[in-house]
Amino acid sequence: MLVDHARYRLVRRANRAQPPPVLDENQRRVVEHAGGPLLVLAGPGTGKTTTIVEAVVDRVDNRGVDPSRVLVLTFSRKAAQELRERITARLRRTTREPLALTFHSYAYALIRREFQRMGDLPPRLLSGPEQLMEVRELLTGEARDGGDAWPERLRPALETRGFAEELRDFLMRAQERGLGPAELDRLGRERGRDDWVAAAGFLERYTGRFDIAPVPTLNYAELVRVAANMLADPAVQARERAAREVVFVDEYQDTDPAQEELLRALAGDGRDLVAVGDPDQSIYAFRGAEVDNILEFPRRFRAADRSEAPVVALRTCRRSGSALLAASRG
C-alpha cells in the first residue's frame, strides 16, 4: 500500500511538472465535442488515452462538470488504474470516487447500491476458481451417477478439469448474451446440438444450487447482464443517469452484447457518450466480444435529433515508423 501511494505521488508530481500535451486537430475535435454520442476510431499509437484524459479534464476544468459525474469505463484493472492516475494528475486534485472503472466493477457497484437501497444484503461475487470448483463438483456427482444427462460421447470427460473449464466458459458466454437454460435448450434443439441441450440442463441444475442460499450469489459473467437488467427499471435508470453526466468507453471494440445493453440504458437516447476503439484490434470474440458493436455504434447510439452519431478518426501515429505503419495498414 505504501509503495502504491509513493508511486501515485511520483506520477502526480511528474505530470504536474509537464505542460498539457500538444493535441493534433482530430484529438482537439474529440476534446471539444459539444455533447451527445461520439465514436472515436483510434489505432495503436494515435494517442487515444491522452485524448480521453484531456477530454475529461476539459469537461471538469472548462465546463464545470463535477468529477463524480464523469465515468470512464475500460476492460482491465490495469488500464483503469492508469487512466485514474493520469486524469487525477492532470486535474491536480483527488476525487471522491474513482473516475475510471472496469465494466464489471461499475456493474457490481450498481448492484450493491440497489440491493442496499432495498434493505437487502448485497450479493456475493463468486470468483473464477470458486465457480470452477462448483462446476467440477456437480459434474463429478453426475459422472458417478452414470452421466445420463449428457451425450454418451462426453461422459468419459465429465470428471476432467479441461471439460469443466470449457463448460464454465461456454455457460459464461451464454449468460453474457442473456441465454438462460430455456433459451439455450431451444437454441441447441434448433441447431441440432445435443451438447448444448445437455449444457442447458446443467445450467439449470447449477443455478438451482444457489437458489436456497441466504445471500444471492453471482458469477463474473452475470454481473453486467444483471446490472443492465436493473437499469431497465425506469427509477434505477433515472438515478444512474442523474449521477453520470458523461460516459467514456475505452477499447469499445471489445464490448459484448450485455455491455452494449448496459451502455444503452445508462447513456443512450442522445446522452453524452464517447466511445473509443479500433475494429482492427477486436481480438476477444472468444470471450463474447462483438465487433459489430463498434461498427454499428453510429446507428445504435443516435444523437438526440435521431441522426447518426458522428465519427472522428485519430490518424497521426506516434509510435511506429512509416515502414511498420504501411505494413500494418496493408
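These are my notebook entries on a predicted protein model.

**Ground rules.** I number residues from 1 along each chain as its sequence is written. Since the model is predicted, local features need pLDDT of at least 70 and side-chain atom pairs count only at pLDDT 80 or more, while totals for chains, interfaces and linings use all residues; side-chain values use heavy atoms, with hydrogens and water left out.

**Overview.** I began with the secondary structure and found 15 helices and eight strands. Helices (H or I, at least four residues) and strands (E, at least two) are DSSP runs, numbered from the N terminus. Next I looked up burial: of the 330 residues, 47% are buried. Buried means under 20% relative accessible area, exposed means over 50%, and partly exposed lies in between (1.4 Å probe, protein chains only).

Then I checked contacts (heavy atoms within 4.5 Å). Among those with a separation of 6 or more, 79% join residues 24 or more positions apart. I also noted the surface: the protein exposes about 17,000 Å², and carbon and sulfur atoms supply 51% of that. Those areas come from the Shrake-Rupley method with a 1.4 Å probe; for residues, only the protein chains shown count as cover.

**Salt bridges.** My rule here is a side-chain nitrogen of Lys or Arg within 4 Å of a carboxyl oxygen of Asp or Glu. That gives 25 salt bridges. I picked out a few.

R113 and E240 pair up at 3.0 Å, N to O. R113 sits in helix 5 (residues 103-117) and E240 in helix 11 (residues 234-243), so this pair ties together parts 127 residues apart in sequence. R113 is partly exposed at 31% relative accessible area, whereas E240 is buried at 5%.

R239 and E114 also form a salt bridge, at 2.7 Å, N to O. This pair links distant parts of the chain, with R239 in helix 11 and E114 in helix 5, 125 residues apart.

For R161 and E165, the closest N and O atoms are 3.0 Å apart. They are four residues apart in helix 7 (residues 161-176), which means about one helical turn separates them. Both ends are partly exposed, R161 at 45% and E165 at 28%.

I also jotted down a network of salt bridges linking K48, D250 and E251.

**Nonpolar cores.** Which residues have the most contacts inside the largest nonpolar core? They are V247 and L263, in a core of 33 residues. A nonpolar core is a set of buried Ala, Val, Leu, Ile, Met, Phe, Trp, Tyr and Cys residues joined through side-chain atoms within 4.5 Å. Elements that each supply at least two residues to this core include strand 2 (70-74), helix 10 (220-231) and helix 12 (257-267).

My background note: in soluble globular proteins, nonpolar side chains tend to be buried together.

**Helix 4.** Helix 4 (residues 77-91) has 15 residues and reaches 21 Å from first C-alpha to last, close to the expected 21 Å. The expected span is 1.5 Å times one less than the number of residues. Its buried residues include A80, L83, I87 and L91. Just after the helix, R92 takes a positive phi of about 60°.
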